[in-house]
Amino acid sequence: MNYLAHAVLAKPNLYSLTGNLLGDFCKGIRLDTLHPDILAGLLNHRATDSYTDQHPEVRQLKALFSPGRRRFAGIALDVLFDHFLIKHWQQFYSTSFADYKQQLYADLTAAEPLMPVAMANTMRSVRTHDWLSSYQQLPQLAKALDRIANRIRFTHQFAGIIDEIQPQYAVLEQGFLRFYPQLQRHIKQLSLET
């Protein structure tokens, strides 16, 4: 799952939000130095990723990608799942997505002092460039995926992966709709955060 899903699966406080978004930024950080609620959020992030990566539905969706791009299917699905989450937001949450996003961006600003520098810089970019709005439409989603591809430092076939998403869009969407409620239940049952 990508930033939106990790954020919305967090508890409604800055420590949890920070921890749930820390997963991609904790290299080199001593976990024993983290605030206990940030650490709990990080463990929640890792549980979310582990459950997602091992889930049969997600594995089937990854298999839809060509062999040359399958290595990056998980990355593509993470971002695509945020797209589907926004598209079907009202099916899962009572607050409007616009209201949630506004509150999330305010919380990311307030949580900056809790974040490592690289994370704070990325979250500032998420806010100032309104990444979550760019995930709503496929052309902007394609650009976001290609920006990720441009950061990969070895030869790959990730760029242009939207060309494999578009023909399978409905199948991928239905897979997400079956998977996400199971993820919500799993995280709730784990109760890694109090």
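**Figure 1. Salt bridge between Lys 87 and Glu 173.** The side chains of Lys 87 and Glu 173 form a salt bridge, with nitrogen and oxygen 2.9 Å apart. This pair joins distant parts of the chain, since Lys 87 belongs to helix H5 (residues 73-87) and Glu 173 to helix H12, 86 residues apart. Lys 87 has a relative accessibility of 45% and therefore counts as partly exposed. Glu 173, at 10%, counts as buried. The model shown here and in the other views is predicted.

Figure 2. Asp 130 lies in the loop between helix H8 (117-128) and helix H9 (131-134). Most residues other than glycine have a negative phi. The side chain of Asp 130 meets that of Lys 101 in a salt bridge of 3.1 Å, N to O. Distant parts of the chain are linked by this pair: Lys 101 is in helix H7 (residues 97-111), and 29 residues separate Lys 101 from Asp 130 in the loop. Lys 101 is buried, with a relative accessible area of 15%, whereas Asp 130 is partly exposed at 24%.

Figure 3. Arg 30 and Asp 32 are both exposed. Elsewhere, salt bridges link Glu 112, Arg 124 and Arg 127 in a network.

**Figure 4. Helix H3 and what covers its buried residues.** Helix H3 runs over residues 36-54 and has 19 residues. At 1.5 Å a residue H3 should span 27 Å, and its end C-alpha atoms are 27 Å apart, so the two values agree. Which residues of H3 are buried? They are Ile 38, Ala 40, Gly 41, Leu 42, Asn 44, His 45, Ala 47, Thr 48, Tyr 51 and Thr 52. The cover over the buried residues of H3 includes helix H1 (3-8) and helix H2 (14-21). Helix H4 (56-62) and helix H12 (169-190) are also among the elements that cover them.

**Figure 5. Surroundings of Thr 122.** Thr 122 sits in helix H8. Its relative accessibility is 19%; Thr 122 counts as buried because the cut-off is under 20%. Leaving aside residues up to four places away in sequence, Thr 122 touches Tyr 3, Phe 25 and Trp 131.

**Figure 6. The largest nonpolar core.** In soluble globular proteins, nonpolar side chains tend to be buried together. The largest nonpolar core in this model has 61 residues. Which members of this core touch the most other members? These are Leu 85, Leu 108, Met 123, Leu 145, Ile 165 and Tyr 180. Helix H5 gives the most to the core, with nine residues.

**Figure 7. Ser 191 in the segment after H12.** Ser 191 is found in the segment that follows helix H12. Although Ser 191 is not a glycine, its phi is positive, at about 50°. Ser 191 has a relative accessibility of 48% and so counts as partly exposed.

**Figure 8. The whole chain, as context for the close-up views.** The protein chain has twelve helices and zero strands. Along the sequence, the pattern of the chain is α-α-α-α-α-α-α-α-α-α-α-α. Its C-alpha atoms fill a box of roughly 45 × 35 × 30 Å along the principal axes. A compact globule of 194 residues would have a radius of gyration near 16 Å; the chain has 16 Å, so the values agree. Of the 194 residues, 49% are buried. Among contacts with a separation of 6 or more, 68% are between residues 24 or more positions apart. The chain exposes about 9900 Å², of which carbon and sulfur atoms supply 52%.

Key
Residues numbered from 1 in each chain as written. Predicted model: local features only at pLDDT ≥ 70, side-chain atom pairs only at ≥ 80, totals over all residues. Heavy atoms only, no water. Helix = DSSP H or I, 4+ residues; strand = E, 2+ residues; numbered from the N terminus. Expected span 1.5 Å × (residues − 1). Buried < 20%, exposed > 50% of the residue type's maximum accessible area, 1.4 Å probe, protein only. Contact = heavy atoms within 4.5 Å. Salt bridge = Lys/Arg side-chain N within 4 Å of Asp/Glu carboxyl O. Rg over C-alpha atoms; globule rule 2.2 N^0.38 Å. Areas by Shrake-Rupley, 256 points an atom, 1.4 Å probe, with all protein chains shown as cover. Core = buried A, V, L, I, M, F, W, Y, C linked by side-chain atoms within 4.5 Å.
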